[in-house]
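These are my notebook entries on one structure. I recorded what I looked up, entry by entry, with the cut-offs beside the terms.

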Amino acid sequence: PKDMTVDDVMNIGLNIDSCLVASYKGMAEAASSSEVREIFENLLLMEQQQKHKLSRIALEIGDM
C-alpha cells in the first residue's frame, strides 16, 4: 500500500527472514546426506546474519 511506513517494511523483511530461517533449519534437519545438510546449514547461518543486520538497521532507523 502507498501508506506503508518504514516500520511496516522492516517488519515484512524480518518476517520473511524468520520464514527462511525456519525453512533452512527444517531442511538441514531433514537432509539425507551430510553435503546437503551442510548447504542448508550454511544458508541458515547466512540468513540468521541477514536477520541480525536487518534488525540493527531497523533500530538505527527508529533512532532517527
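**Entry 1: a serine.** I began with Ser 18, which counts as partly exposed because its relative accessibility is 29%; buried means under 20% relative accessible area, exposed over 50%, and partly exposed in between (1.4 Å probe, protein chains only). Ser 18 lies in helix α1; helices (H or I, at least four residues) are DSSP runs, numbered from the N terminus. I then compared Ser 18 with Pro 1: they are 17 residues apart in sequence and 22 Å apart in space, C-alpha to C-alpha.

**Entry 2: the basis of the values.** I noted that this is a predicted model, in which local features need pLDDT of at least 70 and side-chain atom pairs count only at pLDDT 80 or more, while totals for chains, interfaces and linings use all residues. Residues are numbered from 1 along each chain as its sequence is written, and side-chain values use heavy atoms, with hydrogens and water left out.

Entry 3: I checked the span of helix α1 (residues 6–30). Its 25 residues should span 36 Å at 1.5 Å a residue, and its end C-alpha atoms are 36 Å apart, so the two values agree. The expected span is 1.5 Å times one less than the number of residues. Helix α2 covers residues 34–63. From first C-alpha to last, the 30 residues of α2 reach 43 Å, close to the 44 Å expected at 1.5 Å a residue.

**Entry 4: the buried sides.** Which residues of α1 are buried? I listed Met 10, Gly 13, Leu 14, Asp 17, Val 21, Tyr 24 and Ala 28. These buried residues of α1 pack against α2. In α2, I found Phe 40, Leu 44, Glu 47 and Leu 54 to be buried, and what covers them includes α1. Contact here means heavy atoms within 4.5 Å.

**Entry 5: the nonpolar core.** I looked up the largest nonpolar core, which has 5 residues: Val 21, Tyr 24, Ala 28, Phe 40 and Leu 44. Such a core is a set of buried Ala, Val, Leu, Ile, Met, Phe, Trp, Tyr and Cys residues joined through side-chain atoms within 4.5 Å. Both α1 and α2 supply at least two residues of this core, and α1 gives the most, with 3 residues. For Ala 28, I noted that it touches Arg 37, Phe 40 and Glu 41, not counting residues up to four places away in sequence.

**Entry 6: the aromatic pair.** How many aromatic pairs does a search of the whole structure find? It finds 1. Rings of Phe, Tyr and Trp (its six-membered ring) pair if their centres lie within 6.5 Å; planes under 30 degrees apart count as stacked, over 60 as edge-to-face and the rest as tilted. Tyr 24 lies in helix α1 and Phe 40 in helix α2, so the pair ties together parts that are 16 residues apart in sequence. Tyr 24 is buried at a relative accessible area of 18%, and Phe 40 is buried at 17%.

Entry 7: I turned to Asp 17, in helix α1. Asp 17 is buried yet has no salt bridge, and the nearest side chain of opposite charge, Lys 51, is 7.2 Å away. A salt bridge is a side-chain nitrogen of Lys or Arg within 4 Å of a carboxyl oxygen of Asp or Glu. Lys and Arg count as positive and Asp and Glu as negative; His and the chain ends are not counted. Glu 47, in helix α2, is likewise buried without a salt bridge, and its nearest side chain of opposite charge, Lys 51, is 8.6 Å away. Leaving aside neighbours within four places in sequence, Glu 47 is in contact with Asp 17, Leu 20, Val 21 and Tyr 24.

**Entry 8: an exposed leucine.** Is Leu 59 buried or exposed? I recorded Leu 59 as exposed, because its relative accessible area is 61%. Leu 59 and Asp 7 are 52 residues apart in sequence and 9.9 Å apart in space, C-alpha to C-alpha.
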